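Open the model and follow the text with the viewer beside it.

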Amino acid sequence: MDPLPFDDESTLLVRTDFSDQEGWEALRRTCREGLAEVTEPCFVDDRAYEGATVEELLELVSEEETFILVADRVTLSHEDDAPLLAVDTFRDFEEDEGDEGEGDEYGQRFRVGLTGLRSVVVNLSLANTDFDEFAESAGEDGVFRGIVPASLSDGKDQELLESFRAYRRGEG
């Protein structure tokens with residue numbers, strides 16, 4: 001497998017499961033449209049990464065990347081909200097602390113549903129929120145779906161979810 005691409009203006013989304021092309025296309029459309037205001041997703045859609053583990057992806061990610069999103073079997077087999085796997089790839093190169101170049105959360109992961117995706121992408125990209133704060137805020141099922149109650153939300157996260165569901169049904 002080749003090293004994963006890096007572009008500090010985009011969010012890397014790597015596909016590791018190729019069992020559902022229609023689900024992948026629905027996810028791509030949803031992410032492209034839903035994240036347009038905050039980032040340009042960089043989709044890695046290459047069978048060379050099929051079945052890749054998080055550990056293998058960590059070996060291929062740029063040292064400058066702070067997190068990646070992974071569309072794996074769980075993501076593409078979940079017809080309701082396609083929970084992506086978010087993986088912390090931030091490396092802390094503070095030599096004076098005696099670590100080995102990896103932050104405390106390096107390699108940590110959690111699932112993020114579509115209603116929490118914008119919040120995760122924006123806040124991790126800007127370093128407003130630590131990775132572990134999102135991981136700790138995941139629901140009982142291990143999926144982070146947002147912190148703001150739907151009644152206080154601007155509605156865009158719910159629109160993202162509804163768009164995905166419509167694409168999965170072949171509408172749109």
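Predicted model: local features only at pLDDT ≥ 70, side-chain atom pairs only at ≥ 80, totals over all residues.

An α-helix has 3.6 residues a turn, so residues three or four places apart point the same way. Just after H6 comes Gly170, with a positive phi of about 85 degrees.

Is Asp157 buried or exposed? Its relative accessible area is 16%, so it counts as buried, the limit being under 20%. What does its side chain contact? The side chain of Arg118 makes a polar contact with that of Asp157, at 2.9 Å. Leaving out residues up to four places away in sequence, Asp157 touches Leu114, Thr115 and Arg118.

Ala166 also belongs to H6. Its relative accessibility is 16%, and Ala166 therefore counts as buried. Ala166 and Thr30 are 136 residues apart in sequence, yet their C-alpha atoms are 9.7 Å apart in space.

H1 covers residues 21-34. Its 14 residues should span 20 Å at 1.5 Å a residue, and the distance between its end C-alpha atoms, 20 Å, agrees. At the start of H1, Asp20 places a side-chain oxygen within 3.3 Å of the backbone nitrogen of Glu22.

Now step back to the whole protein chain. It has six helices and six strands. From the N terminus on, they run β-α-β-α-β-α-β-β-α-α-β-α. Of the 172 residues in the chain, 47% are buried. Consider contacts between residues at least 6 apart in sequence: 71% of them join residues at least 24 apart. The accessible surface comes to about 9,100 Å², and carbon and sulfur atoms hold 42% of it.

The strands form an open sheet of six, in the order E2-E1-E3-E4-E5-E6, with mixed pairing. Which strands stand at the edges? They are E2 (40-44) and E6 (143-144). Each has a single partner strand, so one side of each is left without a neighbour in the sheet.

Take the pairings of E5. E4 and E5 run antiparallel and are joined by four bridges. Here Val87 stands opposite Arg109 in E5. E5 and E6 run parallel, joined by two bridges. Arg111 has Val143 in E6 as its bridge partner.

Next, the nonpolar packing. The largest nonpolar core has 29 residues. Which of them touch the most other members? They are Leu27, Leu69, Leu84, Phe110, Val112 and Leu117. The largest share, five residues, comes from H4. Apart from this core lies another, of 16 residues, among them Val14, Leu57, Leu58 and Tyr106.

Return to Leu84 for a local view. Neighbours within four places in sequence are set aside here. Leu84 is then in contact with Leu13, Leu27, Cys31, Leu69, Val70, Ala71, Thr75, Phe110, Arg111, Val112 and Leu117. Arg111, another contact of Leu84, is the residue bridged to Val143 in E6.

Terms used:
Residues numbered from 1 in each chain as written. Heavy atoms only, no water. Expected span 1.5 Å × (residues − 1). Polar contact = N/O pair within 3.5 Å; in protein donor to acceptor, adjacent residues only side chain to side chain. Core = buried A, V, L, I, M, F, W, Y, C linked by side-chain atoms within 4.5 Å. Buried < 20%, exposed > 50% of the residue type's maximum accessible area, 1.4 Å probe, protein only. Contact = heavy atoms within 4.5 Å. Areas by Shrake-Rupley, 256 points an atom, 1.4 Å probe, with all protein chains shown as cover. Pairing = 2+ DSSP bridges.
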